Amino acid sequence: MDTTLTQPSSGTALSLPAGFRWGVATAAYQIEGAAAEDGRTPSIWDTYSHTPGQVHGDDNGDVACDHYHRMPDDVALIKGLGVDTYRFSISWPRVQPGGSGRLNPKGVDFYSRLVDELLANDVDPWVTLYHWDLPQELEDAGGWPARDTAHRFADYAALMFDQLSDRVTNWTTLNEPWCSAMLGYAYGHQAPGHRDFPAGIRAVHHLLLGHGLATQRMREAATGLDRPVHLGITLNLGPAHPATDTDEDREAARRADGLNNRLYLDPLLKGAYPADVMDDVALRQAELPVQEGDLEIISTPIDVLGVNYYTGWLISHLDEDGSSVDSDGALVARSVGRGRPATAMGWEIVPEVFTELLLRLSREYPGVPLFITENGAAFDDVVAADGSVPDPERQAYLESHIHAVQDAVVRGADVRGYFVWSLLDNFEWSYGYDKRFGIVRVDYKTQERTLKDSAHWLRGQIRVWRESVAG
């Protein structure tokens, strides 16, 4: 495992406030492996990835980065990067097989040991309770389109909070509910692979309801603790701009922003779904299954809003052939390119849009501190002859986006931390092992870890910043 760190490049220290937090992030199914060990049962991603044709190369997460067996070494690697926070997710079917009932002691023990190992290395654990790995039994019972799943999630959250809250301060309920609902149930691009827009909209509501129920349960349990606890949720947000200054494109951009951003932000932070979005989904024969009291639960106050950002979107109402993309009344829109450089995912690199997003959140949803819980980029890295992994494109991406955060902070955005996605190259969902987001390369045959040049650079930037704030 190459953990030798190069010297940081010279340059001006970042002007971020003292107390700003630096971290790296991962997700359980993407790195852990040990898919059928120590009592873990299948999740929807086990089922989906083992269904031929769903994942690039028919890859799966059975082994992934073998983190389950290599955890202490990976924690040592995290410490060597100089970050102070590690955001990871708990595998629901590992700790509560089947998604209900008693906890699995062996599964819980893994995360307890992980937390202890992090604390022993002066790294703060940041727990995400749900990063897309719904127990298959709950999917069989209806999944997130079914209301009962929200209650099962709250039960699981309360159980894990009881196990780890004596040592874990920061808790995220859900990671990117848009992906879980829309990519999983509406568009069929991720597990469980359904293509049912009304089901996706029902899933949106029950994911948010599950978040609110879990937050209430954890908040109540926290009253008996003698240490602070911070509760929040992470949303993937991407501003949508009209491709042209026409009424039609502005309307298409409004729809895209509503379905991708405001449908989550408004109920969480304003206590109501946006009326225009409810009208939009109704025109697609879908309905948010709101019951009395639900919005009060969903808008239970949070301490932190996690922001995952990768790109922004230009939105057109026209298809590539010049016809209207919503000519059938589906009220959809199409993203178009700006002609800017893009990552290996095809996502254009627009850091200035990141600054705009953070300022918008602080302006329209004030009072909740922001943490960048994911930001990073996939590129086609090549190992050099000397075994190093030069990745100048990723380094440039990270540098420009960290400076975009800094610009937002200088202009008044309350951003308190930045976590890189991802620590390790890993199983990248439907892309399998074809896309590499890590600042640490993983050789999937040998499991050898190698710090990429971007990791060396990041450590140097953090060190110089710490020296500057220390005076």
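1. Phe-437 sits in the loop that runs between β11 and β12. The model is a predicted one, and in it Phe-437 counts as buried because its relative accessibility is 3%. Computed along the sequence, Phe-437 is 232 residues from His-205, and the C-alpha to C-alpha separation of the two is 30 Å.

2. Glu-428 is in the loop between β11 (415–421) and β12 (440–442). Glu-428 is buried but has no salt bridge, and Arg-394, the nearest side chain of opposite charge, is 9.8 Å away. The side chain of Glu-428 does make a polar contact of 3.3 Å with the side chain of Gln-30.

3. Salt bridges come next. The count for the model is 38. Within helix α10, Glu-251 and Arg-255 are 4 residues apart, about one turn of the helix, and their side chains form a salt bridge with an N to O distance of 3.9 Å. Glu-251 is partly exposed at 34% relative accessibility, whereas Arg-255 is buried, with a relative accessible area of 7%.

4. Lys-452 and Asp-381 form a salt bridge of 2.6 Å, N to O. Lys-452 is in the loop between β13 (449–451) and α15 (453–469), and Asp-381 is in the loop between β10 (370–374) and α14 (392–410), so the pair ties together parts that are 71 residues apart in sequence. Both Lys-452 and Asp-381 are buried.

5. The largest pocket has a volume of about 1,300 Å³. Its lining consists of 44 residues, and those closest to the centre are Trp-178, Leu-183, Asn-236, Asn-260 and Trp-313. Two or more lining residues come from each of α8 (177–186), α10 (247–269), α11 (275–282), β8 (313–316) and β9 (334–336). Helix α10 gives the largest share, 5 residues. By type, the lining divides into 25 nonpolar, 12 polar and 7 charged residues.

Methods:
Residues are numbered from 1 along each chain as its sequence is written. This is a predicted model: local features need pLDDT of at least 70, side-chain atom pairs count only at pLDDT 80 or more; totals for chains, interfaces and linings use all residues. Side-chain values use heavy atoms; hydrogens and water are left out. On a 1 Å grid over the protein atoms alone, a cavity is a set of points where a 1.4 Å probe fits but cannot get out, and a pocket is an open set with protein on both sides within 12 Å along at least five of seven lines; lining residues have an atom within 4 Å of a point. Grid points are joined across faces, edges and corners, and a volume is the space filled by probe spheres set on the points. Ala, Val, Leu, Ile, Met, Phe, Trp, Tyr, Cys and Pro count as nonpolar, Asp, Glu, Lys and Arg as charged, and the others, Gly among them, as polar. Buried means under 20% relative accessible area, exposed over 50%, partly exposed in between (1.4 Å probe, protein chains only). Lys and Arg count as positive and Asp and Glu as negative; His and the chain ends are not counted. A salt bridge is a side-chain nitrogen of Lys or Arg within 4 Å of a carboxyl oxygen of Asp or Glu. A polar contact is a pair of N or O atoms within 3.5 Å; within protein, one must be able to donate a hydrogen and the other to accept it, and residues adjacent in sequence count only if both atoms are side-chain atoms.
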